[in-house]
Structures are given as structure tokens and as C-alpha cells.
Amino acid sequence: MEKRAPIHMSHDIQLIDGFDLGFSGRTGTYVLQAEKLTLVETGPSPSVPRVLEGLKELSLRPEDVEYIILTHIHLDHAGGAGLLMRECPNAKVIVHEKGKRHLADPSRLIKGAKAVYGEMFDQLFDPIVPIEEEKLLVKHEGETLEIGPDRTLTFLDTPGHAKHHLGIYDPYSNGIFTGDTAGIRYHQTEDYQLTFYLPTTSPNQFDPDAMLQSIDRFRRLKPDRLYFGHFGESQEPKRAFDQVSLWIPVFVEEAKKAMNKEEGLPGIEKRIFHRVHSYLKDHQIPEQHPVYEILKLDIEVCAMGLADYLNKQ
Ligand SMILES: [Zn+2]
């Protein structure tokens, strides 16, 4: 098993790489070493051993975790929460009100993920462990959580990627944990001096207008840094917001063209891939770059969400 030490960031934040899909730098768990030890995101269940290993390396005990915050309940972000809770008996799980019941009874979550991921489900996500209701804490728009004397997090209801999505503003770092609302940070091309950002439009609650509004909401907070669900810290929030906001209508337009010509999902994928590919070519990214492996998977899932969105119009 490939190993990686926790990534030390400023403001007492560490990031444990969860190696989702076997890729380093794909999903992670943020550790906020405040008075009340707080985690943001768990990753899927196969990442839980890595989270526990990471805590150990940071000389932290799972028993001391007080809060596990989930930006949203998609399994790559929160699928491991139930399994991790077995090791964190003193923790409460914080979730959007629309996500709560699916953590207590994950049957619909499992069904939905099987529809998207098919036979890969077991390998990617099993087991999905339910969480006792009394351990679940709901946070609404504007509500706060004090995790230290000078550290009170604020929750932002930020739909677009999912209706049950929370952004988390941290005044101590002047940063926002953006989950999937502000897109994906592709750092894999850093070896070519390029970091780029694309929206993630997974099924089945993608809403382009809500996503653009949520991004503007983040923007108005004038953050210095963003902490992405995929993956890591960005110190260029404006560039990230600008790029994702530009790509959202491009993704929708390309999907519309494919639907009008009855090209199906392969058509949507092909068209979006073509657009992203030319962008990367313009930035001198070689054809064989490993980033394409991840992009293919992401675009496949994005295409499904776009088709679902357009079919509902
Ligand atoms: Zn995600």
C-alpha cells in the first residue's frame, strides 16, 4: 500500500490523503487541531484505515475527535463516516438537514451509488455503516460551531452539486471548506506549472444556477484560501471561482448539443473531453499525462449528472 504522511498546512490544519480510487491526492480528511479536535470529510470506507493511520502519525487519538463535519453525503466524501464513528465514540457527525436521514438509514444512498458506479460499488464503497441518530447534528444556513476560543466555524447552505451541501467558513484561516460546490482542484499537472479547476456535476441534484450562486456566495466572503474536497488547499480563490464559473455553462452547452443530436452519454463525454483536452493542450500538457486517467472518470460521472439535469428540464 502506497503511503503518504499527513500534509501540514497553515492554521493548525493537516490533510490526510484518503487515496480514493487508489489515487493519491484525490480525496482527503482535513484535521483541525483546535481545542475541540475536528475532522472535515471522512472519504469512503476504504479510506478509513488511512484516516486512523494519519491521526496516529499526528499523535492524535480517535477517541479525542469531537466533531466530524460532512460537506455532503456522497459516498466519496462521507461513505466512511459510519465506519470511522466506530473508532470515535465521543464524536458527533455534522450534516445538512437534508442529508441526516440518509446517514441513519443509508439504503437509498447505496441504491443511488450503485446506479452510478455499478459493479465497482463494493470495491469503492463497501461497507456503508449507519450512524445512530443521536450522534447526528444538523447545521442550517448561518449556524455556527465553536471548536476553540478563537475559532468558530460558520455553515453555509451551498447547493449546486447537491441539495444537501454545506460549505464551512473558518475565520481563523479565512478559508472555506468547499466540498464539491466550487469544483475540483486538479493539481496533478503541477509538474507543468498548471493547476486547474473544473466543476463537478455528478447526478442527481446538479443545478448550474444554484452552483453559480453558491460560488458567488463563497466569493463574497473574500477568503484567502479554499480547502477542496478534491483536493487540497488553494491560495488562489479568485482564479478557482472564475474558472469553475466559466466552465459550468460550457459543460451545460456541450451536454445540450449532444442531447439535441441524440448522441447519448458517450456524446456528452466526448464533447466535454474535447473542450478540456484543448484547454490542456493550450497549456502544453502532454497527451500521456496521468491527469487524463482521473479526468476520464470525472467526465463520465459529470456527463451522467448533466444528462439527468437536462432530462428534468
Ligand atoms: Zn466528490
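**Loops and strand pairs**

Visitor: How many C-beta neighbours does Asp 12 have inside 10 Å?
Guide: Asp 12 counts as partly exposed. That class lies between buried (20 or more other C-beta atoms within 10 Å of the residue's own) and exposed (12 or fewer), with C-beta atoms placed from the backbone. For Asp 12, the count is 14.

Visitor: What pLDDT do local features need?
Guide: Residues are numbered from 1 along each chain as its sequence is written. This is a predicted model: side-chain atom pairs count only at pLDDT 80 or more, totals for chains, interfaces and linings use all residues, and local features need pLDDT of at least 70.

Visitor: Where is Lys 222?
Guide: Most residues other than glycine have a negative phi. Lys 222 is not a glycine, yet its phi is positive, about 50°. Lys 222 is exposed, with 9 other C-beta atoms within 10 Å. Helices (H or I, at least four residues) and strands (E, at least two) are DSSP runs numbered from the N terminus, and Lys 222 sits in the loop between α7 and β14.

Visitor: Which residue in β14 stands opposite Phe 177?
Guide: Strands β11 (residues 175-179) and β14 (residues 225-228) run parallel, joined by 4 bridges. Two strands pair if DSSP finds at least two bridges between them. Opposite Phe 177 stands Tyr 227.

Visitor: How many residues does the hairpin from β14 to β15 pass through?
Guide: β14 pairs with β15 (residues 232-234) in the antiparallel sense, over 3 bridges. Phe 228 stands opposite Gly 232. The number of residues in the hairpin's link is 3.
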